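Okay, thanks everyone for coming.

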Amino acid sequence: MNMKKGLLSGFLALALTSSLLVSTNVSANNSKDTGSPLSYSLVTKGYDWGPGIYKIILDTGVAIQGSSLEKDTFKVLAERSYPMFNFQTKQKYDGSDSSSRTIEKVYLSDKDGNKTSLSTGQYITIEMKVHPDLMTSSPFMFDLQSFTNRYIDLQYTIIQQKSLQDSTGNAVDHLTTRPDTPYTTIEEGVDVFDTSGKFSYKDSKFGQIDLTYASYMPEKGKKKPLIIWLHGAGEGGTDPRIALLGNKVTALADESIQKHFGDAAVLVPQTPTFWMNDGTGQYTKDGKSMYTRSLTALIKEYVKQHSSDIDTDRIYIGGCSNGGFMTLNMLLANPDYFAAAYPSAEAYEDSLLTQKDIAKLKNIPIWFTAAGEDPTVDTSKTSTATYKRLIAAGAKQAHYSYFDKVLDTSGLYTKGNGDNAPYEYNAHWSWIYVLNNDISKDFNGKPVKVKGKAVTLMEWLANQKK
């Protein structure tokens with residue numbers, strides 16, 4: 001298995017890897033003789049394949065008659081630029097791509113992009129098509145030098161193609177943007193997270209280690225369970241928003257998952273490199289990570305700081321690919337700390353697990369997820385082998401949802417070209433099922449049950465307690 005190439009948590013192929021006001025480009029007003037300023041917001045949302053810019057909120061500065069709006073009133077051009085590196089010549093160069101975005105809806109809205117029933121308004125929202133293969137909809141690119149996702153430079157041009165009318169019937173024709181038109185970016189789903197978390201640890205072997213993290217804490221009240229998510233290799237770095245958006249991790253704070261826990265805190269630690277780093281900058285060959293002690297310290301410090309909010313008997317840990325490896329690593333290092341685990345596409349080679357390790361893991365509730373056609377991780381040598389050893393060792397709470405492929409379950413995306421079969425994702429991305437809580441069956445194809453009732457992964461997780 002080519003570990004260096006593979007363990008990217010799924011966003012090398014698409015360079016894609018939902019929300020908070022994160023940046024503002026302040027510049028001169030784009031105004032005409034109306035004297036009204038023009039600005040806009042680019043709205044990103046997390047999708048199964050990563051973040052996509054799906055909406056523009058245009059602040060016209062004037063009251064526009066909604067009846068004069070049409071789907072083709074505007075055209076939208078997206079341009080992206082990012083640094084590239086030629087590994088043969090060792091030269092850096094500027095890469096770019098662009099496309100005309102397909103507009104699906106245009107309507108009057110409030111400042112947040114919510115459709116309004118008012119007949120006039122100054123905000124116009126433009127909804128655009130997104131798709132797993134539409135790279136120009138993404139605010140990310142995959143940096144081949146660091147093997148991580150990075151934000152790119154964006155330039156959107158909104159072109160007014162048809163005249164509009166203001167509230168008094170006068171023509172409005174000045175709504176084409178320029179490069180200096182001020183704009184903001186909004187990332188839906190990130191706004192409930194604190195993305196400023198920083199943690200420093202002095203490791204006895206590896207020296208100073210600095211970790212970053214995002215966290216979500218529901219309103220004060222009764223003690224809550226804590227859900228920990230460990231990102232894949234592609235989401236390493238020092239910007240926790242990457243870890244939230246590279247995969248649809250913001251879903252952990254959504255009502256669709258929160259309802260099963262009666263509210264849960266969420267912690268998303270981020271490593272500056274990758275969890276499988278053995279300290280040399282290479283992928284581990286013995287199952288050890290340079291981050292084991294620092295990550296343990298971060299988690300315990302976070303729990304200590306929120307001791308009045310977190311139920312220490314209900315701390316759950318999981319993650320994808322690199323993060324799935326680290327999930328097992330953390331269980332072995334702290335066998336009595338976590339109530340349950342939910343690794344997906346995990347990359348811990350089973351051959352590295354001793355019988356003593358299996359004896360530790362068999363007493364911890366674990367629900368594995370993987371896909372057989374995974375091109376990155378050989379599941380027969382990782383999750384499948386480990387699950388079978390746990391069952392043979394007498395594990396009572398080991399479960400394993402095993403898929404052949406990873407398919408779109410939203411019904412929105414198909415293979416295309418006349419083939420209406422569900423869109424097929426990279427089979428490494430089995431965490432898509434996890435973050436959609438679209439998992440309920442065990443390795444034998446039968447439903448997992450709690451007290452005789454069939455449950456989903458998140459329902460099962462919420463019922464685990466030390």
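One term first: when I say two residues touch, I mean they have heavy atoms within 4.5 Å of each other. And keep in mind that this is a predicted model.

You'll find Lys466 in the segment after α9, which is residues 457-462. What does Lys466 touch, leaving out residues up to four places away in sequence? The list is Thr312, Asp313, Asp336, Tyr337, Phe338 and Ala339. Take Phe338: 128 residues separate it from Lys466 in sequence, yet the C-alpha atoms are 7.5 Å apart in space. Lys466 is partly exposed, because its relative accessible area is 48%, and exposed would need over 50%.

Now on to the helices, starting with α5, residues 322-333. Is α5 mostly enclosed or mostly open? Eleven of its twelve residues are buried, so the rest of the structure largely encloses it. The buried ones run through Asn322, Gly323, Gly324, Phe325, Met326, Thr327, Leu328, Asn329, Met330, Leu331 and Leu332. What does the covering? Among the elements are the strands β16 (224-230), β18 (310-320), β19 (340-344) and β20 (366-371), plus the helices α4 (292-305) and α6 (355-361). The length works out as well: at 1.5 Å a residue you'd expect α5 to span 16 Å, and its end C-alpha atoms are 16 Å apart, which agrees.

Ser321 isn't a glycine, but its phi is positive, about 55°. With a relative accessibility of 0%, Ser321 counts as buried.

Compare Lys90, in the loop between β4 (74-86) and β5 (91-101). Lys90 also has a positive phi without being glycine, near 65°. Lys90 has 56% relative accessibility, so it counts as exposed.

Back to α4, which has 14 residues and reaches 20 Å from first C-alpha to last, close to the 20 Å expected. Its buried residues include Leu295, Leu298, Ile299, Tyr302 and Val303. The buried residues of α4 pack against β14 (194-203), β15 (207-216), β16, β17 (265-270) and β18, and also against α5.

Then there's α7, residues 383-392, where Ser383, Thr384, Ala385, Thr386, Tyr387 and Leu390 are buried. Their cover includes α6, β20 and β21 (398-403). After α7 comes Gly394, with a positive phi near 95°.

In soluble globular proteins, nonpolar side chains tend to be buried together. Here the largest nonpolar core has 54 residues, and the members touching the most others are Trp229, Leu252, Phe261, Val268, Tyr342, Met458 and Trp460. Apart from that core lies another, of 49 residues, including Leu226, Leu332, Tyr387 and Leu390.

Last stop, the largest cavity, with a volume of about 40 Å³. Which residues line the largest cavity? They are Tyr47, Asp48, Asn247, Lys248, Trp431, Ile432, Leu435 and Asn436. By type, that lining divides into four nonpolar, two polar and two charged residues. Helix α8, residues 431-435, gives the most to the lining, with three residues.

Notes. Residues are numbered from 1 along each chain as its sequence is written. This is a predicted model: local features need pLDDT of at least 70, side-chain atom pairs count only at pLDDT 80 or more; totals for chains, interfaces and linings use all residues. Side-chain values use heavy atoms; hydrogens and water are left out. Helices (H or I, at least four residues) and strands (E, at least two) are DSSP runs, numbered from the N terminus. The expected span of a helix is 1.5 Å times one less than its number of residues. Buried means under 20% relative accessible area, exposed over 50%, partly exposed in between (1.4 Å probe, protein chains only). A nonpolar core is a set of buried Ala, Val, Leu, Ile, Met, Phe, Trp, Tyr and Cys residues joined through side-chain atoms within 4.5 Å. On a 1 Å grid over the protein atoms alone, a cavity is a set of points where a 1.4 Å probe fits but cannot get out, and a pocket is an open set with protein on both sides within 12 Å along at least five of seven lines; lining residues have an atom within 4 Å of a point. Grid points are joined across faces, edges and corners, and a volume is the space filled by probe spheres set on the points. Ala, Val, Leu, Ile, Met, Phe, Trp, Tyr, Cys and Pro count as nonpolar, Asp, Glu, Lys and Arg as charged, and the others, Gly among them, as polar.
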